[in-house]
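The following note collects remarks on aromatic contacts and disulfide geometry. It is arranged as numbered points.

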Amino acid sequence: MSPRWRNALIAVAVLLLAGLAVMWFLRSYQRVCEQATLPAYGEPSFNPLFALRETLRRDGVDAETRRTLDLPAMHLQPRDTMLLLDDPRQLASAQVEQLVDWVEYGGHLLLRMPKADDTLDGEQTLFDPFGIVPDEAAPRCQPWRVQGQEEHQEFCAGNRFTLGESARAELRWGDASDDTLAYARLRYGGGRVDVLADMDFLRNGQDDKDTGLRDLPHRDLARLVLAPNYGKGRMHLVYAAEAPSLWRTVLQRGWPIWLPLLLALLAWLWMRAQRFGPLLPSPRQERRSLLEHVRASGEHLHRYGKAPLLYDAVRQSFLARLRRRAPLAAALAGDAQLQAIADHLRWPLERVRLALQVPPSRDDAALRERIALLIQMRNQL
């Protein structure tokens, strides 16, 4: 078979195999559309009432969210509504009084029943003026039915409470067996107070299990609790949640950027590491003191037969001090100078004469003796 026919058969076989693979893929798989819930980013990541605020605004209601309770900046009006997602027991006494007065003049306040806390339950809280008493009963689910929807269970993890004798309840929802409530609407003066075991149905939906306001029964329940002043005034939604840390956000979500940059920096440092020098420090260089230098210079002169230079240096040092200490003796010469030095030092004349005579160049003993005498004479001047 010629190479031309062989190449043609190979090409036909390859095309046939490719066609069979395409047919198998098309018969085995089909294209489908699937919706996926992306993680929240921006304000919804730290504001749990973001979805509620946007829903109210699209419905034509004036709504705003705040992280903390700021009564001077909120300018509460009698027909406004306030939702407190945080623990009401942490409010100051002045804030409690202002909220109670505002409710009495027509405000609508929504509170969440927090967990029992011995350090906070014993103090005067926002629940006391309205006759609300926390209860330690075990939480139980409450059925919630909406037409056209399956039965829902609400307040399954919420904290129960009871009402005092002075409380006037317009609506109540709980267990008749032990008088504990999961939800109640109280009338106080011209306003109302709604107390809920929990407010999870008002939060942003995080996943399929936590649908939040995306669930129709949750939206219906939200309309019920917000009904008294709905559309009549401003909705103040206070969530008191901490914003995510900048460094934590950078570490968790910015790693596709900072990790390659970090690796590139480490690689550059490794390439340039030779400029940083060796790992071990350089050995300490030998250092000599001034006395060691003088001694080494003297040994060098003595080794090369220049001992008279050493003697002359010591003799000149003695004469220089003699001119400063005994200028009269320094001005003399010959035997008169020797006698004057001997009288000044109270030495024998022959000893002074011996010290001032130049020693032979090869007589080391005489050199050491006369240098020692000159140094002794110099020190006694």
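**Note on ring contacts and cysteines**

1. Cys141 is partly exposed, at a relative accessible area of 36%; here buried means under 20% relative accessible area, exposed over 50%, and partly exposed in between, with a 1.4 Å probe and protein chains only. Cys156 is likewise partly exposed, its value being 33%. Cys33, by contrast, counts as exposed at 84% relative accessibility.

2. The model is predicted, so that local features need pLDDT of at least 70 and side-chain atom pairs count only at pLDDT 80 or more, whereas totals for chains, interfaces and linings use all residues. Residues are numbered from 1 along each chain as its sequence is written, and side-chain values use heavy atoms, with hydrogens and water left out.

3. The structure holds one disulfide, a term that denotes a pair of cysteine sulfur atoms within 2.5 Å. Cys141 and Cys156 form this link, with their sulfur atoms 2.0 Å apart. The angle about the S-S bond is 130°, and the link is right-handed. The pair links distant parts of the chain, 15 residues apart: Cys141 is in the loop between strand S4 (132–134) and strand S5 (142–144), and Cys156 in the loop between S6 and S7. Helices (H or I, at least four residues) and strands (E, at least two) are DSSP runs, numbered from the N terminus.

4. Six aromatic pairs are found in a search of the whole structure. Rings of Phe, Tyr and Trp (its six-membered ring) pair if their centres lie within 6.5 Å; planes under 30 degrees apart count as stacked, over 60 as edge-to-face and the rest as tilted. Trp24 and Tyr29 are edge-to-face, because their ring centres are 6.1 Å apart and their planes lie at 85°. Trp24 counts as exposed, at 53% relative accessibility.

5. Phe155 and Phe201 form an edge-to-face pair, with 6.1 Å centre to centre and 85° between the planes. Phe155 lies in the loop between strand S6 (152–154) and strand S7 (161–163), and Phe201 in the loop between strand S10 (191–196) and helix H6 (216–225), so the pair ties together parts that are 46 residues apart in sequence. Phe155 is buried at 3% relative accessible area, and Phe201 is buried at 2%. Trp144, Phe155, Trp173 and Phe201 form one aromatic cluster.

6. Arg351 lies over the face of Trp347, 4.1 Å from the ring centre. A charge sits over a ring if NZ of Lys or CZ of Arg is within 6 Å of the ring centre and within 35 degrees of the ring normal.
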